[in-house]
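Me: I'm new to this one. Can you walk me through it?
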Amino acid sequence: MSDRRATPHAADAAPGGGRLAGLSALVTGGGSGLGRAIVDRYLAEGAHVTVLERSADKLQDLTSAHGDRVQMVQGDVTSVRDNETAVATAVSAFGGLDTFVGNAGLWDFGRPLLDMPLAGLEQGFRELFDVNVKGYIVGARVSAEALKDRGGSMIFTLSNAALYPRGGGVLYTASKHAGVGVVSQLAYELAPDVRVNAVAPGGMSTDLRGPDALGLRDRAISEVLPAEAQLRQYSALDLAPVAEDYAAPYVLLASRDESRTVTGIVFDVSAVGTPRRPNAPL
Ligand code: NAD
């Protein structure tokens, strides 16, 4: 009897092979930052990629870079229908779905609780949790059957804020902690057919935006995290990572050969859990 969790037959592999040769992956928020780095890296590793992204401009950039090697779905991760369209697109274009990467997110720019007006707090909570938590759960629900058919896996982008304070304000930190619950519960529920894991990267300068209700829709984290020194001071390894630095763990977790025993983990690649030595260089 064949094992659905085995690597697809070499005949299905993209020309040139790669660690993900022949696999079909759906990446949400694949238009910029970390999502874009994952898309580029997955393609380089031989995967077929579908992207669910709300920005038409970013999808246009992806098309210019990769042509029809990537299937584009313009839509919102909080919408069941848009998630269904994205999964159906991946299945019809590439014959199935092996990996769902829930990645699209919003940040709260570290806004302290007492600086949040009550009206903004309520609506800001809804907007941020809708994307960071509901978007992940809806994506998981909609992709699960297709993933089961292929013995695939889910990977969610969490954050240092999923594990430690100071990676955001209470809205963001609570939403990323909720992501740990998503991974833990779904790894349990979907075993043994679907592996469910997360990657927790640290800060990087990207286009990450915030909730409209907090006046943060048109601000990007790159405006507040532009300084290399600022990023390095949080890293035990004295690093100022860029999005591409974090793409490799997503390859590892998507690969059946390299992580077939791995489910229910949050892979902390943030290097912020170890305190800086007092004399470490800034
Ligand atoms: P980014 O804004 O560059 O990428 C996120 C993408 O998601 C964007 O292209 C955006 O258009 C898209 N998006 C946002 N809301 C959407 C929605 N409702 N529907 C569809 N697409 C939507 O930001 P990024 O920093 O690459 O963020 C990716 C993930 O990384 C997020 O989950 C974020 O929380 C996490 N993260 C970021 C940092 C950081 O410092 N930038 C650190 C740790 C974790």
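Me: Where does Pro192 lie?
Reply: In the loop between α5 and β6 (195–200). This is a predicted model, by the way.

Me: What is the peptide bond from Ala191 to Pro192, cis or trans?
Reply: Cis, with omega near 5°. Most peptide bonds are trans.

Me: OK, phi next. What is phi of Arg166 near?
Reply: Near 85°. That is a positive value, and Arg166 is not a glycine. Most residues other than glycine have a negative phi.

Me: And where does Arg166 lie?
Reply: In the loop between β5 (153–157) and α5.

Me: Why does Arg166 count as exposed?
Reply: Because its relative accessibility is 67%, and exposed means over 50%.

Me: What about phi of Ala271?
Reply: Positive too, about 60°. Ala271 sits in the segment after β7 (266–268). It counts as partly exposed, because its relative accessibility is 23%.

Me: Switching to the ligand. How many residues surround it?
Reply: 28. The closest are Ser32, Glu53, Asn103, Tyr172 and Thr206.

Me: Which helices each supply at least two residues of that shell?
Reply: α1 (33–44), α4 (118–150) and α5 (170–190).

Me: What's the shell like by class?
Reply: It has 11 nonpolar, 11 polar and six charged residues.

Me: Which atom of Leu34 lies 2.7 Å from an oxygen atom of the ligand?
Reply: A backbone N or O atom. For Tyr136, a polar side-chain atom lies 3.5 Å from a ligand oxygen. A polar backbone atom of Asp207 is 3.3 Å from an oxygen atom of the ligand.

Me: How much of the ligand's accessible area does the protein cover?
Reply: 97% of the 820 Å² that the ligand has on its own.

How values were computed. Residues are numbered from 1 along each chain as its sequence is written. This is a predicted model: local features need pLDDT of at least 70, side-chain atom pairs count only at pLDDT 80 or more; totals for chains, interfaces and linings use all residues. Side-chain values use heavy atoms; hydrogens and water are left out. A residue is near a molecule or strand if one of its heavy atoms lies within 4 Å of it. A polar contact is a pair of N or O atoms within 3.5 Å; within protein, one must be able to donate a hydrogen and the other to accept it, and residues adjacent in sequence count only if both atoms are side-chain atoms. Accessible areas come from the Shrake-Rupley method with a 1.4 Å probe; for residues, only the protein chains shown count as cover. Helices (H or I, at least four residues) and strands (E, at least two) are DSSP runs, numbered from the N terminus. Ala, Val, Leu, Ile, Met, Phe, Trp, Tyr, Cys and Pro count as nonpolar, Asp, Glu, Lys and Arg as charged, and the others, Gly among them, as polar. Buried means under 20% relative accessible area, exposed over 50%, partly exposed in between (1.4 Å probe, protein chains only).
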